[in-house]
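I opened the model and kept notes as I went. The entries below follow the order in which I looked things up.

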Amino acid sequence: MLATILLTIALILVIALLVAAGAAKLARLDGASYPSALTRAAIAFTATLTLAAALATALTALR
């Protein structure tokens with residue numbers, strides 16, 4: 001059970017990092033400066049983690 005939880009957390013972190021990297025790359029392709037691209041990446045990373053936490057809370061409530 002603990003291994004499943006840890007693997008799920010690791011997967012969520014990897015997905016959040018990929019989303020952040022994609023957001024930063026798209027921002028740079030759009031002509032944004034490096035600080036602006038990093039800000040967009042941080043926002044995307046945080047939003048992904050927030051969505052994962054909200055989904056976990058909702059699934060826990062169903063149990």
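I started at Leu26, which I found in helix α1. Helices here are DSSP runs of H or I, at least four residues, and strands are runs of E, at least two, numbered from the N terminus. I noted Leu26 as exposed, because its relative accessible area is 60%. The cut-offs are under 20% for buried, over 50% for exposed and partly exposed in between, with a 1.4 Å probe and protein chains only. I then checked Leu26 against Arg40: they are 14 residues apart in sequence and 9.5 Å apart in space, C-alpha to C-alpha.

A note on the source: this is a predicted model, where local features need pLDDT of at least 70, side-chain atom pairs count only at pLDDT 80 or more, and totals for chains, interfaces and linings use all residues. Residues are numbered from 1 along each chain as its sequence is written, and side-chain values use heavy atoms, with hydrogens and water left out.

**Helix α1.** I read residues 2–29 as α1, with 28 residues. From first C-alpha to last, α1 reaches 41 Å, close to the 40 Å expected at 1.5 Å a residue. That expected span is 1.5 Å times one less than the number of residues. I listed its buried residues as Ala16, Ala20, Ala24 and Ala27. These pack against α2 (34–62), with contact meaning heavy atoms within 4.5 Å. Just after α1, I found Gly31 with a positive phi of about 100°.

**Helix α2.** I counted 29 residues in α2. The helix reaches 42 Å from its first C-alpha to its last, close to the expected 42 Å. Its buried residues are Ala37, Ala41, Ala44, Thr48 and Ala52. What covers them includes α1. I also looked up Ala42, which lies in α2. Ala42 is partly exposed, because its relative accessible area is 41%. Ala42 and Val19 are 23 residues apart in sequence, yet 9.7 Å apart in space, C-alpha to C-alpha.

**Charge over a ring.** I found Arg28 over the face of Tyr34, at 3.8 Å from the ring centre. The rule asks for NZ of Lys or CZ of Arg within 6 Å of the ring centre and within 35 degrees of the ring normal.

**Pocket.** What lines the largest pocket? I noted 14 residues, of which Ile5, Thr8, Ala56, Leu59 and Thr60 lie nearest its centre. The elements giving two or more residues to this lining are α1 and α2. α2 gives the most, with seven residues. A pocket is an open set of points on a 1 Å grid over the protein atoms alone, where a 1.4 Å probe fits, with protein on both sides within 12 Å along at least five of seven lines; lining residues have an atom within 4 Å of a point.
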